[in-house]
Amino acid sequence: MSSNKKPIVEMFNVTKTYPPDVMALKDISFFVDKGEMLYLTGMSGAGKTTLLKLICGLETVSKGSVKVGGADISKLKPAGLQQLRRRVSMAYQDFKLLPDRTVLENVAMAMEVAYKDSNTIQKRVFYLLDLLKMSNKKDTPAGKLSRGEQQRVTIARAAANSPPLILADEPTGNLDPAMTRLVINLFIELLKNGTTVICATHDESIYSDTNCRRLDLWQGQMVTKLET
Ligand SMILES: Nc1ncnc2c1ncn2[C@@H]1O[C@H](COP(=O)(O)OP(=O)(O)O)[C@@H](O)[C@H]1O
Ligand SMILES: [Mg+2]
């Protein structure tokens, strides 16, 4: 990565301890450039989800600091935090869909809170569902879908608002290789439009043939320093 690019995420010596004494992350420092695709790898329990939660403000650091778009997120006021939530979308490992709402409603919701008009919303939602081969399930309540289908809805919802930063937590964990390809193709499409993607995964097949940078965690620590 060339050094004249602007970072969108920066972590400085971040340690995260969950009470009473679980050290989930220890002394993590790295940055992610705007428009970059970064893979976050490591076994279950390595600290991947915790790291993503720190970036979107769902958890707070115990030591060190996190900057998103140049701003230290621990110093944001409620309005700033609200703005951060609109700019950073997380596709959760455990989905967090509304089970009684349809696929369409779950995806559209992310756009409605950002005051988009209904035409724009419909176009975008149909485009994303089509890409992820979910159009035929658009009127099905999310709670009635298979895990693989729920996973794809979760990703469509995270992408709906075209946020500058998407945090995808094991986005292909329940998908077969063909569906995994669709998700990766969507990420490539988003990257072309300037979105930054941080993708946590333990599926080596999705990053082994890319030249994207990789941050590898082991028991909360960085295995190797990220080259810049
Ligand atoms: N809310 C929590 N409270 C206590 N410990 C937690 C919590 N969330 C995660 N942990 C612990 O922190 C460590 C890292 O977890 P996590 O970030 O979920 O890793 P990964 O996503 O790589 O599987 C694990 O030891 C896990 O048990
Ligand atoms: Mg996790």
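Student: Which residue follows H1, and is its phi positive or negative?
Tutor: Gly-57 comes after H1, and its phi is positive, near 80 degrees. This is a predicted model, where local features need pLDDT of at least 70, side-chain atom pairs count only at pLDDT 80 or more, and totals for chains, interfaces and linings use all residues. Residues are numbered from 1 along each chain as its sequence is written, while chains are lettered from A and ligands numbered from 1 in the order in which they are written.

Student: Why is Lys-6 called exposed?
Tutor: Lys-6 has 10 other C-beta atoms within 10 Å, so it is exposed. Lys-6 belongs to the segment before strand E1 (7–18). Its C-alpha atom is separated by 8.8 Å from that of Gly-69, 63 residues apart along the chain.

Student: Which residues surround ligand 1?
Tutor: The shell consists of Tyr-18, Val-22, Ala-24, Gly-42, Ser-44, Gly-45, Ala-46, Gly-47, Lys-48, Thr-49 and Thr-50. Each counts as near because its C-beta atom, placed from the backbone, lies within 6 Å of the ligand. Strand E2 (22–33) and H1 each give two or more residues, and H1 gives the most, with three.

Student: How do the residues of that shell divide into nonpolar, polar and charged?
Tutor: There are four nonpolar, six polar and one charged. Ala, Val, Leu, Ile, Met, Phe, Trp, Tyr, Cys and Pro count as nonpolar, Asp, Glu, Lys and Arg as charged, and the others, Gly among them, as polar.

Student: Why are E2 and E5 said to stand at the edges?
Tutor: The open sheet has four strands in the order E2-E1-E4-E5, with antiparallel pairing. E2 and strand E5 (71–72) each have a single partner strand, so one side of each is left without a neighbour in the sheet.

Student: How do you know that E4 and E5 pair?
Tutor: Pairing requires that DSSP finds at least two bridges between the strands. Two bridges join strand E4 (residues 63–68) to E5, so the pair qualifies. In one of them, Val-68 is partnered by Ala-71 of E5.

Student: What makes H3 largely enclosed?
Tutor: Seven of the 10 residues of helix H3 (residues 103–112) are buried, so the rest of the structure largely encloses this helix. Among the buried residues are Val-103, Leu-104 and Val-107. They pack against helix H4 (118–131) and helix H5 (147–160).

Student: Why is the chain called as compact as a globular protein of its length?
Tutor: Its secondary structure comes to six helices and 10 strands. The radius of gyration is 17 Å, close to the 17 Å of the globule rule for 228 residues, so the chain is as compact as a globular protein of that length. The radius is taken over C-alpha atoms, and the rule is 2.2 Å times the number of residues to the power 0.38.

Key:
Buried ≥ 20, exposed ≤ 12 C-beta atoms within 10 Å, placed from the backbone. Contact = placed C-beta atoms within 7 Å.
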